[in-house]
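I opened the model to look up a few residues, helices and cores. My notes follow in the order I made them.

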Amino acid sequence: MRRPHWPRRVFAQLLLAQTVVTVGVTAVTAGLFLAPVSRELDRDAMQRALSIAQVTAQDEAIARAAEQRDAVAVQRDAEQIRLATGASFVVVTDADGIRLSHTDPARIGQRVSTDPEPALRGESVTAIQQGTLGRTARGKVPLRAADGRIVGEVSVGISDDSIRHRLADMAAGILLCAGAGLAAGLAATLVLARRLKRRTHNIAVADISALLIEREAMLHGIREGVVALDARGRIRLANDEAVRLLALPDGAVGRPVDQVIPAGRLADVLAGRITGTDLPAVRDDRVLVVNRMATADGGAVTTLRDRTELESLVRELDNTRSLTEALRAQDHEHANRMHTLLGLLELGRHEQAAEFISEQSGSHAAVAAEVSAQVQDPHVAALLAGKTAVAAERGVRLTVSPDSHLPDAAVDSRALVTVVGNLVDNALDAAAPGPGGALPAGEVFYRTRPAVRVALRAEGAALVVEVADSGPGVPAELRGRIFDEGWSSKRAPEHRPRGLGLAMVARLVERAGGTVAVGDDPLGGARFTVVLPEALHIAPVEA
């Protein structure tokens, strides 16, 4: 024989448990309500019997007849009262407890079956007692003569059957109400169980724990950030990688996105105000790729990928491609130089040939030496030297302002390299000839060579960085938007998005407590000015 077992499904367990609880509560409630009703009916019957007994005892005719032990007169009057009140019996005794009236005349002249002494002592008594007529609710009072002497007792009984009949009538109504409540409770339980079945996809209880364990392992094991939001835009889940990438504060779970993420493109993407796939966003010095998917309950799940290192590699790839193309052109230029050198030698102009070789071989070394003399920070100096070579191959003259001076005392060389590198790249893109540069296709070729000028000045512990170009400049109406993430005036290449460099500069400068501004420059294009307070280590002056 198959043994019954507890159901495995969540909705079935809930339905069974709620049914048992509802039935139990209904039964207990009905029982608790019926118990005091029964006691109240007994109490009411005893009070009614006492009231009839008190009224009977006030009848002077009955008192005189009892004093004279006139059973006939007492029986006649007592039966009239019993029939008029509907009592089960009205028994009158003499001072010795001998019956002078009874519903059964054969029992007149016999002693009462219950103790008459309390009433004969002058006490009024109510009780549920078992007598010759069965179980009854009784009221007993002393019967007094005109002068106040106790000449007997009056005992009135209300049949227990009539009390039970009243209780049965009331119990039917009570049980009917309880049944209606039970039916409503079972119906609500069934509706709730069906809804839970849909919401839990009929999953077994044992599987819930396994799913939670697997979910925690998956969320905290993957190398992508995951943020889950509810329908009101509050964070309800963030894995370890998301906390790291977004720099979420403690207690971020349960709070709206706009309270834990600074206003900007990243907050707009997370909140769903900007839609799309693989959306780029910046958080401090990190470039993130964000994807947001809505959920059935009105919330959303957002995934975050760290593209910072990939973005750096893409920039290096762009520079490499530019250098490769420049080297192809340089190969032709080198051949021209060799032909020139050969011609000088064939013409016997050896001194001019030697000067030509010295000029060509020393130009790049001179530029590197000049940069390192003004910029002592090795990271920034190497950056500018490399950018100078890239700029030259792109047909742009990149120079470091003569009044520039950067000591080897940067607090955060990495952040400084990011700021200067992004500004220079942006300036080269603006100044370089060709599409998106200073001279769009279709215009007359530039009269002067495109230029980019970099200036770095230390002012105490503060550092001022200026990068100017000869490009088309930034219109006044767009200067408030160029630092927004994802905004760019240039067409984005297929391998990477635009609009991240200046946004990253703005975030880094803001985090350092500095400022960044854009204006016009005598070169003809835009000039970006960055002020970084406390960017340099200043040695204390000895007294």
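**Entry 1: Glu534.** I looked up Glu534 and found a relative accessibility of 62%, so Glu534 counts as exposed. The scale I used calls a residue buried under 20% relative accessible area, exposed over 50%, and partly exposed in between, with a 1.4 Å probe and protein chains only. Glu534 sits in the segment after β14. Its phi is positive, about 55°, although Glu534 is not a glycine. Most residues other than glycine have a negative phi.

I noted where the values come from: this is a predicted model, in which local features need pLDDT of at least 70 and side-chain atom pairs count only at pLDDT 80 or more, while totals for chains, interfaces and linings use all residues. Residues are numbered from 1 along each chain as its sequence is written, and side-chain values use heavy atoms, with hydrogens and water left out.

**Entry 2: the chain.** I counted 14 helices and 14 strands in the chain. Helices (H or I, at least four residues) and strands (E, at least two) are DSSP runs, numbered from the N terminus. The chain has 543 residues, and 40% of them are buried. Among contacts with a separation of 6 or more, 58% join residues 24 or more positions apart. Contact here means heavy atoms within 4.5 Å.

**Entry 3: Arg69 and helix α3.** I next checked Arg69, in the loop between α2 (60-67) and α3. Arg69 is not a glycine either, yet it has a positive phi of about 55°. Is Arg69 buried, partly exposed or exposed? Arg69 has a relative accessible area of 46%, so it is partly exposed.

Helix α3 covers residues 71-85, which makes 15 residues. From first C-alpha to last, α3 reaches 21 Å, close to the 21 Å expected at 1.5 Å a residue. That expected span is 1.5 Å times one less than the number of residues. The buried residues of α3 are Ala73, Val74, Gln75, Asp77, Ala78, Glu79, Ile81 and Arg82. Just after α3, Gly86 has a positive phi of about 80°.

I then took Asp77, which lies in α3. Asp77 counts as buried because its relative accessibility is 15%. Which residues does Asp77 touch, not counting those up to four places away in sequence? Asp77 touches Ala61 and Ile62. Asp77 and Ser101 are 24 residues apart in sequence, and their C-alpha atoms are 8.9 Å apart in space.

**Entry 4: the cavity.** How many cavities of 30 Å³ or more does a search of the whole structure find? It finds 1. The search used a 1 Å grid over the protein atoms alone, and a cavity is a set of points where a 1.4 Å probe fits but cannot get out; lining residues have an atom within 4 Å of a point. The volume is the space filled by probe spheres set on the points, with points joined across faces, edges and corners.

The largest cavity has a volume of about 100 Å³. Its lining includes Phe89, Arg99, His102, Thr132 and Glu153. The elements that give two or more residues to this lining are β1 (89-94) and β4 (150-159). By class, I noted 4 nonpolar, 5 polar and 3 charged residues in the lining. Ala, Val, Leu, Ile, Met, Phe, Trp, Tyr, Cys and Pro count as nonpolar, Asp, Glu, Lys and Arg as charged, and the others, Gly among them, as polar.

**Entry 5: the cores.** A nonpolar core is a set of buried Ala, Val, Leu, Ile, Met, Phe, Trp, Tyr and Cys residues joined through side-chain atoms within 4.5 Å. The largest one has 46 residues, of which Leu384, Leu416, Leu423, Leu456 and Val465 touch the most other members. The elements that each supply at least two residues include α12 (378-393), α13 (413-431) and α14 (501-511). The largest share, 8 residues, comes from α13.

Leaving aside neighbours within four places in sequence, Leu423 is in contact with Val465, Val467, Leu502, Val505, Phe528 and Val530. A second, separate core of 27 residues includes Met46, Ala53, Ala78 and Ile158.

**Entry 6: helix α14.** Why is α14 described as largely enclosed by the rest of the structure? The reason is that 8 of its 11 residues are buried. Among the buried ones are Leu502 and Val505. Gly513, which follows α14, has a positive phi near 80°.

Key:
1 Å grid on protein atoms, 1.4 Å probe; cavity = no way out; pocket = protein on both sides within 12 Å on 5 of 7 lines; lining within 4 Å.
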